[in-house]
Amino acid sequence: MAIKNVLITTGTTFTVPSDFGSFISAEAIGGGGGAFYAGGGGGAYSKSTSITGLSANQTLYVRIGAGGARTPTAGGDTWLNTSNVAPTLSSTGVLAKGGAVTSAQDTNSVGGAAASGVGDVKYSGGAGGRGANLINGGGGGAGGPNGNAAAGGNRNPLSNSTGGGGGGGGNGGGSVGGVGSAIAGGAGGNNSTGTGSGAGATAASAAVVGSNGGGGGGGFSTTNTSGRNGGAGNEWTLTAGGTAGSGGGGGGSSNTTGSGGNGGLYGAGGGGWYNVGGAGAQGAILFTYNDNVATANSNFFLMFN
């Protein structure tokens with residue numbers, strides 16, 4: 001017997017694998033919000049360990065929360081259930097809320113709320129940082145298995161038209177994005193292990209893209225104005241190979257020539273821009289189970305007892 005997992009990022013149904021032996025967990029990350037002045041809110045995280053009555057080849061129903069577009073648009077909810085409706089009980093499924101977005105100036109976007117999710121473990125997405133006029137906030141990180149996500153950094157508080165945009169927030173368990181200043185964009189927040197931050201921009205250099213669930217750096221003034229993308233998460237080690245997890249928020253932009261960074265996969269909010277902000281990242285589901293394959297040791301035990 002071995003532990004296996006399947007990452008679900010598309011479709012409306014999921015077939016329980018044919019080698020299914022027993023259920024371990026289903027984890028969900030909601031979609032991140034798209035951005036406007038403020039960065040988009042990050043999607044929440046939920047985990048259910050108590051879904052009952054599952055069997056090999058059974059059809060389950062899923063919805064993958066879409067990332068909010070650059071219009072701005074809120075992120076969608078992500079869920080898995082034994083029936084074709086959003087779950088209300090952790091004994092039948094799991095649900096994580098998407099991140100919100102606001103079009104108001106100097107107002108934070110709200111991250112997906114843990115209290116509105118369904119699961120045995122629940123964490124909230126990070127809020128999007130405040131923005132106004134030409135200087136904009138960073139996107140919130142996505143909630144993840146290591147905790148609540150961090151908020152995106154706010155714009156330069158001294159001016160609505162010059163200075164740095166806020167850095168994107170780190171993923172679940174990470175740190176808040178840096179506030180933009182009169183001389184630099186805010187640095188992206190660290191991820192949950194304290195690494196992966198994207199540096200903010202200065203007049204001499206562009207901001208840095210986030211990595212491993214860290215937030216993207218914010219843009220600065222009239223040069224190097226774009227915020228950078230948040231980093232993809234890496235908390236989950238996949239049976240099929242590679243890693244995935246909750247993403248870091250995109251960095252906020254400054255001036256009309258820049259753009260907000262996109263939220264990192266999965267579930268992070270986009271960085272703000274006064275015209276068209278960064279896009280939020282889509283959600284995802286991780287289904288984990290014990291397979292039904294007997295090991296050599298178990299076969300030996302059966303032969304001689």
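1. Residues are numbered from 1 along each chain as its sequence is written. The model is predicted, so local features need pLDDT of at least 70, side-chain atom pairs count only at pLDDT 80 or more, and totals for chains, interfaces and linings use all residues, while side-chain values use heavy atoms, leaving out hydrogens and water.

2. Rings of Phe, Tyr and Trp (its six-membered ring) pair if their centres lie within 6.5 Å; planes under 30 degrees apart are stacked, over 60 edge-to-face, and the rest tilted. By this rule there are seven aromatic pairs. In one of them, Phe20 and Tyr289, the ring centres are 5.9 Å apart and the planes stand at 35 degrees, so the pair is tilted.

3. Strands are DSSP runs (E, at least two residues), numbered from the N terminus.

4. Phe20 is buried at 7% relative accessibility, and Tyr289 is buried at 3%. Buried means under 20% relative accessible area (1.4 Å probe, protein chains only).

5. Tyr289 also pairs with Phe287, again tilted, at 6.1 Å centre to centre and 40 degrees between the planes. Phe287 is buried, with 0% relative accessibility. One aromatic cluster takes in Phe14, Phe20, Phe23, Phe287 and Tyr289.

6. Ser25 lies in strand β3 and is buried at 3% relative accessibility. Leaving aside residues up to four places away in sequence, Ser25 touches Lys47, Ser48, Thr49, Leu286, Phe287 and Thr288; contact means heavy atoms within 4.5 Å.

Technical notes: Buried means under 20% relative accessible area, exposed over 50%, partly exposed in between (1.4 Å probe, protein chains only). Helices (H or I, at least four residues) and strands (E, at least two) are DSSP runs, numbered from the N terminus.
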